[in-house]
Amino acid sequence: MTRFVTKLAAATAAVALASVPGLASAQTTQAVDEKTGPVSFANVASVRIGNPGSLITETQRSPLTPGLSKLSPDRTVVPRDKGEENTFGDKWAVNLGRFGAQSPFPPGIASRDHNVVAALQQTTVPTAVAEGNFALLDNGRGGAKPADNTVLVLEGAKSAVDCSSPGKTTSSTSVGKIWVRDETGALKPSGASGVDVKGLKLGPPSVIKNENIGKDDTTSDLTVSRVTAFDQLIRQDGWRNGDVTAVAGWKVDIVTHVRDDAGKDLREARTTLVLGGVSCSIPKNFVAKPAGGTGPGAAPAQPAVPGTVPAGGIPPQAADSTRTVVGLSLLGGGIVIGAAAMLLLRRRKPVPVREK
């Protein structure tokens, strides 16, 4: 997919920048190195379906100058369209916190927007945070209301990382409550440190043509744990690490034992979700800059300008070996705040950028 920086975007940036206090200092801001410098990433939800299928939603990357990139609140569910559904499957859905008249969450959990941000502080320290409520729905259950199909809830989940220096990085992954539907069919709290459940009444994310699934006999083993390593994140190639890297997030591993009405095993479906995955990275010789008088890590006043953040995925290979595995590329979802980056747009002609 080819993306062009339009004249309209540059004009919009110019108008916004004209009204920003301290513009002269923003013009002289030195950018960090794009390939090796301090950087952070934040992603609200991504899924690996078998091998090699994956769906990666919009990933926020910290700007090259002090500022932040924030996921648009319009991203409220996965999958959100037919393209994502073709990758993820048509039975499961993940609500990201905001809902309408019908709630997929237990009573008492209010609708809310997520907060997913990757930032480069004024000190050039990279930080990231992802917080919100998450609900995994199995629409194959056929419930009358969304909450009837919810099998897992992470209430008040938060992941955060801070890479202040090579000897001082911090990461945290927390949650208020984890709710799981038990063997009686009730959605109940199951602690706040993790979950390991066998025999959960949860079907596969998608079905194979002419597959006769026994709903009562098909079960799943579900494990919820913290992300502790960079390779546990489900990410695009552009999501990089560094000499020193901190990570955080919630990892949900599901093994579904698909059986027919007679209880015979048909297949095993493996799915991994990473909810609120974040990371920050710095080079081994990184030294933070002084805060500058407005408080530690404070970012200068800068305009909010539209930004696009790449997302993508690969549909899983079906049982039919003749099916072709194709790529899925998406755009959107982000608001990027960074004055110096937009100054560069004003000085350059539109340049095509190839995105995978």
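Reader: In the hairpin of E16 and E17, which residue takes a positive phi?

Author: This model is predicted. The hairpin of E16 and E17 has 5 residues between the strands. The one with a positive phi, near 85°, is Gly263.

Reader: Over how many bridges do E16 and E17 pair?

Author: Strand E16 covers residues 244-259, and its pairing with E17 is antiparallel. Within E17, Leu273 is the bridge partner of Val252. The number of bridges between E16 and E17 is 15.

Reader: How many of the 18 residues of strand E17 are buried?

Author: Strand E17 spans residues 265-282 and is mostly covered. Buried here means under 20% relative accessible area. The count of buried residues in E17 is 13 of 18.

Reader: Why is Lys177 called partly exposed?

Author: Lys177 lies in strand E12, which holds residues 177-181. Buried means under 20% relative accessible area and exposed means over 50%, so a value in between counts as partly exposed. Lys177 is partly exposed because its relative accessible area is 39%.

Reader: How many Å apart in space are Lys177 and Glu155, C-alpha to C-alpha?

Author: Leaving aside neighbours within four places in sequence, Lys177 is in contact with several residues, including Glu155, Pro189 and Gly191. Lys177 and Glu155 are 22 residues apart in sequence. In space, C-alpha to C-alpha, the distance between Lys177 and Glu155 is 5.2 Å.

How values were computed:
Residues numbered from 1 in each chain as written. Predicted model: local features only at pLDDT ≥ 70, side-chain atom pairs only at ≥ 80, totals over all residues. Heavy atoms only, no water. Helix = DSSP H or I, 4+ residues; strand = E, 2+ residues; numbered from the N terminus. Buried < 20%, exposed > 50% of the residue type's maximum accessible area, 1.4 Å probe, protein only. Contact = heavy atoms within 4.5 Å. Pairing = 2+ DSSP bridges.
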